[in-house]
Amino acid sequence: MGWSEKSRNLGRLAFFASDNWITILGIILTTGAGFTQVWSWFLELAQPHTVHPYVGIVLFMVLPMIFIVGLLLIPAGILLRRHKLQKEGKLPKESPKVDLSAPHIRKVLWFVAAATLVNIVLMGTATVRGVGYMDSSRFCGLTCHTPMVTEYRAFTDSPHSRVGCAQCHIGPGTESFMRAKLAGVRQVFGVVFNNYSRPIPSPVVSLRPARETCEECHWPQKFSGDKILVRTHYGEDAESTPSTTVLMLKIGGMTGAASTGIHGRHLDAKSRITYVAGDPQRQTIRQVTYRDDKGQMVDFVSADVKPAPGSENMEARQMDCVDCHNRPTHAFEMPDIAVDRLINDGRYSRELPFAKKQAVAILKADYPSQDAAAVQIPQAVAAYYQSAYPEVFSKKRDLVDAAGNALKDAYLRNVSPEMKLTWGTHPNHIGHQDGGGCFRCHDGSHTTKDGRSIKADCDTCHVILAQDERDPKILKDLGIK
Ligand code: HEC
Ligand code: HEC
Ligand code: HEC
Ligand code: HEC
Ligand code: HEC
């Protein structure tokens with residue numbers, strides 16, 4: 001039998017054997033899923049909108065899977081039927097005559113060819129769409145709901161809210177995409193079997209070097225100069241009296257050949273600083289190695305930091321952006337800072353007596369879950385003013401309600417009892433709020449053998465222009481107020 005005769009025979013056999021329910025089911029699934037997908041794309045073209053994460057899972061993941069399963073079932077049915085017939089000895093020696101020159105058979109063949117082409121286009125489009133969807137922030141943040149919803153809320157409330165999770169967590173390139181998706185599969189099993197860690201541990205050990213993520217958008221060596229930082233905090237007195245601090249931060253950068261200031265000293269091309277942490281969270285730092293201007297390596301060793309149990313053999317780490325900017329987007333606040341911001345933004349009015357003190361107390365209370373807090377926090381605010389200041393409560397009911405809502409939002413953005421994520425779980429390293437941050441190295445206790453230490457004077461990093469003043473004169477001088 002020649003090659004063409006053989007293939008013709010096979011073709012006939014396929015026609016004959018496709019008369020089975022598995023193949024027919026495959027055809028139905030493929031056609032159904034295909035049409036639904038195309039229909040959803042038309043809907044989206046007509047009216048672009050972001051889809052709900054669960055709808056997204058069905059559209060971008062389940063439908064393409066049904067489509068593929070359908071496609072696989074078609075030949076599987078044919079092969080199974082052939083196998084069965086063969087076993088029963090019913091397979092005709094000569095396949096039933098199918099005249100390939102007959103017009104209706106040719107039509108069928110054309111149809112199969114066209115359908116295959118359409119399938120390829122459909123699969124391609126679905127893959128591109130699915131990949132895009134799986135990289136979207138809503139997918140990462142909301143699909144599994146509980147685990148990352150707090151990160152998602154803090155992210156939407158940050159300067160990076162229009163930068164996708166994937167742009168920092170995955171970065172460009174196929175390899176990292178595949179690696180992230182494999183990790184994602186593991187996480188899905190974690191959620192299904194309910195055995196993921198709470199809270200999600202930080203730092204993220206597998207985070208790509210900042211050079212390949214942050215530096216796709218920022219080029220910090222190019223920032224130079226200083227930055228004025230104005231911070232207003234509120235007191236715990238009845239009026240929640242404001243006090244303002246004004247700092248000039250020496251951000252620095254590369255100016256000509258010299259590297260200056262905060263960015264320049266840590267980040268210039270000489271890759272100056274590596275360190276060994278004292279614990280897996282990198283909250284303490286045992287040893288810092290610095291390449292000084294003459295190219296000499298200088299070792300600063302801490303007299304105080306002893307390695308945490310199990311952390312004796314931590315590897316040295318090259319310092320990069322996230323060693324200071326560890327919270328560039330999902331930055332969790334402490335209760336007093338969260339309340340300062342609500343008051344600053346006018347969401348929690350200082351016209352309410354003891355606004356700051358009361359709000360912090362309510363935030364710090366224990367709540368069994370995010371859902372419970374969402375109900376109990378507004379109630380607690382209302383109950384306080386109703387009993388302690390009935391007149392304020394009746395005259396300024398709208399302010400009380402707004403305050404309750406704002407405080408609820410602040411809680412949901414920072415705390416998740418379900419995830420054991422609470423105040424201070426993930427500290428921010430950008431300053432020295434709780435003694436950590438920059439002071440993990442700049443504390444005067446990391447010294448060289450010959451007694452030099454990492455600079456720790458208050459004017460190393462900033463000039464304090466005003467500290468906790470009611471109405472700092474410097475702001476008027478600068479024309480800011
Ligand atoms: C601007 C960059 C950036 C973006 C955008 C970003 N992250 Fe992160 N994320 C980080 C960094 C940096 C860390 C690690 C901090 C560390 O290693 O100390 C981190 C850590 C995490 C962690 C570990 C727990 C924690 O809070 O530290 C989770 C979970 C997480 N990110 C989820 C998300 C989700 C979900 C989104 C999108 C909604 C997102 N991230 C967007 C930079 C980013
Ligand atoms: C896809 C681009 C992109 C990536 C990736 C990115 N950023 Fe940004 N970042 C931005 C944009 C845009 C802004 C300005 C937002 C604004 O001013 O509203 C910004 C702002 C910032 C700011 C200033 C925030 C403030 O409070 O004003 C810091 C700090 C920062 N980014 C650090 C980082 C770090 C660290 C990383 C890596 C972990 C990173 N960024 C990754 C685009 C990016
Ligand atoms: C040694 C700590 C440190 C390192 C490392 C560091 N930064 Fe910064 N960066 C700071 C501090 C401190 C500020 C000012 C924070 C503030 O405004 O409160 C800052 C500010 C910024 C800003 C805002 C600038 C502005 O004018 O508002 C951007 C953007 C930024 N950093 C990006 C980066 C990127 C990208 C990297 C890594 C390549 C990086 N930083 C590495 C400490 C650091
Ligand atoms: C891992 C350790 C480490 C951390 C964390 C760190 N630094 Fe540094 N920093 C160094 C070392 C080492 C030097 C160089 C030695 C020196 O200048 O004393 C340095 C130098 C500097 C200088 C230059 C001082 C000068 O006058 O030359 C500034 C400014 C600075 N750091 C600011 C910061 C700020 C702000 C932070 C926190 C956001 C920070 N550093 C976090 C290790 C660190
Ligand atoms: C290694 C660098 C460094 C050193 C040394 C340092 N600071 Fe700071 N400090 C910072 C940075 C960075 C910020 C801004 C943090 C931020 O953006 O929230 C800051 C913020 C502050 C603030 C404002 C806090 C707020 O949010 O209201 C005060 C006050 C302050 N520093 C006081 C001091 C004093 C006093 C000293 C000396 C004992 C000192 N700092 C030493 C880096 C440093």
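Histidine 330 is buried, with a relative accessible area of 18% (buried is under 20%, exposed over 50%, partly exposed in between, using a 1.4 Å probe and protein chains only). Keep that residue in mind for the first exercise.

A word on the ground rules: this is a predicted model, where local features need pLDDT of at least 70 and side-chain atom pairs pLDDT 80 or more, while totals for chains, interfaces and linings use all residues. Residues are numbered from 1 along each chain as its sequence is written, chains are lettered from A and ligands numbered from 1 in the order written, and side-chain values use heavy atoms, with hydrogens and water left out.

**Exercise 1. Find the protein donors of the iron atom of ligand 1, and work out what geometry the site has and why.**

Step 1: Look for donors, meaning N, O and S atoms within 2.8 Å of the metal (3.2 Å for Na, K and Ca); water is not among the atoms, so sites may look incomplete. The protein supplies His169 (NE2) and His330 (NE2), lying 1.9 Å from the iron.

Step 2: Check the angles. The six donor atoms subtend 85 to 179°, so the arrangement is octahedral. For the label, six donors need opposite ones over 155 degrees apart and all others between 65 and 115; four count as square planar by those limits, or as tetrahedral if all angles lie between 85 and 135 degrees, and anything else is irregular.

Step 3: Histidine 169 sits in helix H7 and histidine 330 in the loop between H11 and H12, so parts that are 161 residues apart in sequence get tied together. Helices here are DSSP runs (H or I, at least four residues), as are strands (E, at least two), numbered from the N terminus.

**Exercise 2. Describe the iron site and the shell of ligand 2.**

Step 1: Start at the metal. His160 (NE2) and His218 (NE2) coordinate the iron at 1.9 to 2.0 Å. Angles of 87 to 179° among the six donor atoms make this site octahedral.

Step 2: Trace the two histidines. Histidine 160 is in the loop between helix H6 (149-156) and H7, histidine 218 in the loop between H9 and S1, and they are 58 residues apart. Histidine 160 is partly exposed at 22% relative accessibility, and histidine 218 is partly exposed too, at 38%.

Step 3: Widen the view to residues with a heavy atom within 4 Å of the ligand. Among them are Pro159, Val163, Gln167, Cys214, Cys217 and Cys321. Helix H7 (165-169), helix H9 (214-217) and H11 each give two or more residues to this shell.

Step 4: You get seven nonpolar, five polar and no charged residues. (Ala, Val, Leu, Ile, Met, Phe, Trp, Tyr, Cys and Pro count as nonpolar; Asp, Glu, Lys and Arg as charged; the others, Gly among them, as polar.)

**Exercise 3. Which residues coordinate the iron atom of ligand 3, and what surrounds this ligand?**

Step 1: The iron is held by His263 (NE2) and His325 (NE2), at 2.0 Å. With angles of 86 to 177° among six donor atoms, the site is octahedral.

Step 2: Histidine 263 belongs to helix H10 (residues 261-267), and histidine 325 to the loop between helix H11 (321-324) and helix H12 (335-344), 62 residues apart. Histidine 263 is buried at 14%, whereas histidine 325 is partly exposed at 36%.

Step 3: Of the 19 residues around ligand 3, Lys227, His263, Cys321, Cys324 and His325 come nearest. H10 gives the largest share of the shell, four residues.

Step 4: The shell divides into 12 nonpolar, four polar and three charged. An N or O atom in the side chain of lysine 227 is 2.6 Å from an oxygen atom of ligand 3; a polar contact is a pair of N or O atoms within 3.5 Å, and within protein one must be able to donate a hydrogen and the other to accept it, with residues adjacent in sequence counting only if both atoms are side-chain atoms.

**Exercise 4. Which elements and residues make up the shell around ligand 5?**

Step 1: Of 19 residues, the closest are His233, His432, Cys458, Cys461 and His462.

Step 2: Strand S1 (227-234), strand S2 (242-249) and strand S10 (462-469) each supply at least two residues.

Step 3: A polar side-chain atom of arginine 231 lies 2.8 Å from an oxygen atom of ligand 5.
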